[in-house]
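Biologist: I am new to this structure. Please take a close look at a single part, the interface between two chains, and say what is around it.

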Amino acid sequence: MRTYLLQRFLAGMVTLFGVTILIFVAMRVLPGDPLAMMTSESGGTYVLTEDELQAARSALGLNRPYYEQYGRWMLDIARGDLGRSFWREEPISDLIVRRGPITAQIAVAAVLLSWLIGVPIGILSAVRRNTIVDYISRVLVIFFVAVPAFWLALLVVLGGVLIFNWRPSLTVVQFWDDPATNIQMTLGPAIVLGLGIAALTARMTRSATLEILHDDFVRTARAKGLRERLVIRRHVLRNAMLPVVTVSGLALGGLLGGSVAVERAFGVPGLGTALVMAFGQRDWMVIQNLVLLYGVVFTFVNLTIDVVYAALDPRVAFR
Amino acid sequence: MQRSSPASRVSRRRFLRTVPLMVGGPAVLLGVACRQQAPTGEVKPPAAGAPAPTSGAGAAPAATTAPAAKSPAVAPPAAAAPPTAAPPQLVATTTTSGAAAGSAAATGMMRPTDGTPKRGGTLRIAGGTTTSPHFDLHQGATVHPLTHAYNNLVRKDLTDGLRTLIPDLAARWETSADNLSHTFHLRDGVKFHDGTPFTADDVVASFNRILSPPAGVASVLRSQLDMVERVEAVDPRTARFVLKHPSLIFMEVLSQPAMVVYSKKAIDENGGDLRKAVAPGTGAFMFKDYKAGEKWTYVRNPEYWDKELPYVDTLEMIDTPQLSDRGTAVLTGQADMTWNGSVDTWKEGQQRKDQITVAQIPNFGAHTAHLNNERGPLGDKRVRRAIHLAVSRQNIFKAYENQEPIFLGRWMSYASPGSPTLDEIGKLPGYRADKSADIAEAKKLMAEAGHPNGFGPIELLSATAPWAAEIMAPVFADELQRTLGIQTKIRLIERGLLIEEYKKGSFDILVETQFACPIADYTIAWNDYLKTGGSKNWSRYSSKEFDALLENLNNESDPAKQKALFQQGMDHLDQEVPFIITGFTAHSPMWRNNVKGLVLDKRVYVEWGRAETAWLDRA
Amino acid sequence: MAKMEGVAVAPAEHVAAPWLVSDTPAAIVRRRPGGLARFVRSSPLGTVAAIFLLFVFAMALLADVVTYWDPLVTNYGLTRAAPSGDHLLGTDHLGRDILSRIVTGARISLFVALIAVLVGDGVGLAWGIVSGYFGGRVDLLSQRVLDALLSFPGLILAMLLLVALGAGLSTVIIAIAVTRIPLSTRVIRSVALTTKSLAYVEAARTLGASPLRILVQHVAPQCIAPFLVIVSANIGVAITTEAGLSFLGIGVPPPTPTWGNMLGGVLAESFRPPWWLIVYPGVALTSTVLAANLFGDALRDFLDPRLRGKLTDL
């Protein structure tokens, strides 16, 4: 087991390295000198002279050879220096500390929601196979898999506006500052994203449960006379969890990506909207380090999934 | 076993069956879709009846021009700059005991006239984008979130709608007989937020930094102070500006929101570069917090030299890039006011008179189409004049009306001094609604220039922002094509990258909002955009005649003669047409009825600036 | 294997894929005749979905002919008009007819998705075959690269590539294609691995057949079915990704309509947004993705249910 975990960890590190290389390559090919854009979206034209451009360029280290730039970047990250937003001179770590909790909140809530909704529906659907309950849940599942999350978000906002005359809040409010407003802000996106993942979870749970229901050990339990509910709880559930965990891991990727569009639709001031704004303004440093953050988070989540999976199914480690 | 195995034979067949389908289908789509790339602009039968292109979304342009364009519009009968003997209302008494209520403003103490101000509360402004590249106003930081912490030497009166020039840090001033020397007597007992006392040295340091910045420090305001020869401190309470030539716009330039006074201490301590942090000011509000892309927070300055102001305890500026978000914020009560809301929210606000008040104030920013005077057919001024005559401004306004209010302007805002009235402009060729004679004349000019049937395709460059890409650019292209047969190909690039194109001059036509002026008097803009080699002369227009006119204009000190020169200039420009002005915009502020003291509905021009006279009528 | 014939394959959960289980190629032959009819019988839902997709496809191709209004021409007198006799789905903030924009938008949405998926999965096919069959260091390196690619959420990877490549139709296609590569490579790779160990392939190798010949004659055909399944499964995702990018304003630039940027335009209308601007493009998106998913599921169940679960990618 330990070697397996070590293996996975090392593989994760290598993957992380690959991630940084990928980002580095992508950002250096960036067309349009980021320093050429001296017009901020709100203000007048601020024109830098050639000298100032050169100064900025060397300050950012854009003149150095690639390997040096890469090394410098990695060192900075290791030291916790995530650089500054070019446009706002704001340290990116501040940005992450302020907006990260909002995005994280939404992601965690979405995953929890997906378990709470998806698993029961999946099991129910499998146990009551081919009944009306099954059909309804399968229709719902198919629908929510296909629906784009950001459209659902727009619909929710539309509904809120037209029916309740409610509009999303404009400023960041952390949970510990003002729970009521914070929940208002994060609940919508969490539900919308959660439903999408719940659908996938339900689907996965259903097929996993069906497989297990026909497995030998379940038949044995039934033959022994164990009540159906106990059968499900004791034997089926545990084994159905495995694919659920896998799906959740994969879903997290979709979540991190989809949350960008959903945040934008709701107007939530999270990391996703920061990324989109940075993209629009070609705020190079922000794009680079935020994407890195997403990549790192995702890699670690995958690692965690692997570990959890191994814990749930020891066979994995010995394959 | 292998060659003729039924498996491989059949599967190859299946392969060959599916591949063409998989490739052919998308290929057909490809061919069809590629045709769809450029807007065809063909009008299907029932779609007629509405003038085709041109309406721009207002978010970007309004916000862009706003900070740069805060200047007194002097259309109403305000006095321009002080002549030799300062007119009575501009000279304060020297007593510090405060004058009678009527002349309170004369001492620079602004008092609201819409009721008895109540104290306290938080004023929340849905400001627009509050992101700023940095915090140094003299190096181009976004003005409206920063200006609250500072004072100028002089400013326009907030309580009479920005009509009168009143003292700010300069309690009174005198001008020499030859109009070259302006002496400012500074207020006593003023302190910066960090406790440093305010003296003439601070004025000198601030303005010297603008006039001759140290290395590594940009100075975006320098060109506006071209007329200044030097600044000096006569004594700790007196600063003097010596001009190179008399200037009618000098005092106005000093009054615009970006011309704040920084402390010498802050300048020295930071090597002349105040970008990193909000430097202490003398203003009514003290900077408290800034969350990038979200909110600025200011608190009341209890030591402000005007003991009565400000009335509110806290000032918040919320980042709302979208115009409609700003209006919505006011409508839903998430904000108390906005400098500029979207048309639909503004109209809604108009309906809700019991909660909201709205206004429309002229701005000093224009929508333009820059024509590259150095390239191709556009280099011929007959072609340019033809375009000016043929393009229908009214069509463009109709297209744009859901984005922003937009009006005619003849080489300056309709609210600038020297501008004809909107009615008068609306009678002139090129500007008038009835295009028949103008188009005929335009066609003649095109024929003379050798393009009787138009020419093209030439490239029409525009930002990817929806107002430009979906409205302004297509409408303009359609007008050109329909009236004169000029074919254009629209190319979209990100707004931030457009500046490279300006500088390189690699465009034919560029649709942008590039004709802004920081003050009402458009002399500054004429110098920037129209003088040979001007810093913003993107069209690369060059005329010795016009340059000479500009010289006279810059040195003129008689308002009547200035007006005549403007008239001459406008006539000249209508003939030479360096670029096309589609229209000048107005801003649509909205505020909740309990916000008082700013007199936004009486303002003669837009200023996104200080708000220390605001008070909240709380129950 | 004969007993597998005639049995409805989908939507049963654990019927093994016929041809990969047995050595005898004969099994494959017996399934082929009347493939279409069997498909229809096995999954009526999938067939309906396929017909719907063909319908959307046809609409997209014939958009110029079918639409009454020009999707690009604006009409400032009639902006934000509710659905009516003249404009069945209403008009947008510039007075453009929504129905014709949706029909025309299908063109870009489908076109981008199809090409991106074909390119991406095509690369995946080639890479998977090479990596799976040849193994060794090539395989190991490929695995690491794929891991790195898979460490990005799809939309974020596409955004990163678009930053690098700039906006535009072709770059959007490339960006989405790259996001499709990793999973398809993985699946094809495992198919190639399995094929490599089949008895008759080993025999062919022993007899001296060149790797190229083996690849073309034995490995590639085995990958066709999985490839088709992957492509059909990925179309829905690709459509959604393109829509997401356009929604955020970093996909296909205006004024070309795509379902995504029609929805993105609504963001500027936070006060009382006209519901028809939101509902209809979304319905078009959802129904098309739904149909693509249903068809993909049905195809997969028809061809190889064992691929279920391997293709879950978001």
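The interface of chains C and A

Modeller: Over all chains, a search of the whole structure finds 0 disulfides, a disulfide being a pair of cysteine sulfur atoms within 2.5 Å. This is a predicted model, in which local features need pLDDT of at least 70 and side-chain atom pairs count only at pLDDT 80 or more, while totals for chains, interfaces and linings use all residues. Residues are numbered from 1 along each chain as its sequence is written, chains are lettered from A and ligands numbered from 1 in the order in which they are written, and side-chain values use heavy atoms, with hydrogens and water left out.

First, the two chains themselves. Of its 314 residues, 64% are buried, that is, under 20% relative accessible area; over 50% is exposed and in between is partly exposed (1.4 Å probe, protein chains only). One buried residue of chain C is C223(C), with a relative accessible area of 1%. Chain A comes to 11 helices and 0 strands, and 51% of its 319 residues are buried. Contact means heavy atoms within 4.5 Å. Among contacts between residues at least 6 apart in sequence, 72% in chain C join residues at least 24 apart; for chain A the figure is 76%.

Now the interface. The size of an interface is often given as the accessible area lost when the parts come together. Here chain C and chain A bury about 4,400 Å² between them, 81% of it on carbon and sulfur atoms; this buried area is the accessible area (1.4 Å probe) that the two parts lose on being put together, summed over both. In residues, 47 of chain C are in contact with 52 of chain A.

Between these chains there are 2 residue pairs in polar contact, both at pLDDT 80 or more. A polar contact is a pair of N or O atoms within 3.5 Å; within protein, one must be able to donate a hydrogen and the other to accept it, and residues adjacent in sequence count only if both atoms are side-chain atoms. On the chain C side that touches chain A, α7 (136–150), α8 (154–165), α11 (211–247) and α13 (275–303) each supply at least two residues. The largest share, 12 residues, comes from α13(C). This side of chain C divides into 31 nonpolar, 11 polar and 5 charged residues. Ala, Val, Leu, Ile, Met, Phe, Trp, Tyr, Cys and Pro count as nonpolar, Asp, Glu, Lys and Arg as charged, and the others, Gly among them, as polar.

Charge pairing comes last. Side chains of opposite charge can pair when their charged atoms come close. The count between chain C and chain A is 1 salt bridge, meaning a side-chain nitrogen of Lys or Arg within 4 Å of a carboxyl oxygen of Asp or Glu. D297(C) and R203(A) form it through their side chains, at 3.0 Å from N to O. Within chain C, the side chains of D301(C) and R300(C) also meet in a salt bridge, at 3.1 Å from N to O. D301(C) counts as buried because its relative accessibility is 7%, and R300(C) counts as buried at 9%. A network of salt bridges links R203(A), D297(C), R300(C) and D301(C).

Methods. Helix = DSSP H or I, 4+ residues; strand = E, 2+ residues; numbered from the N terminus.
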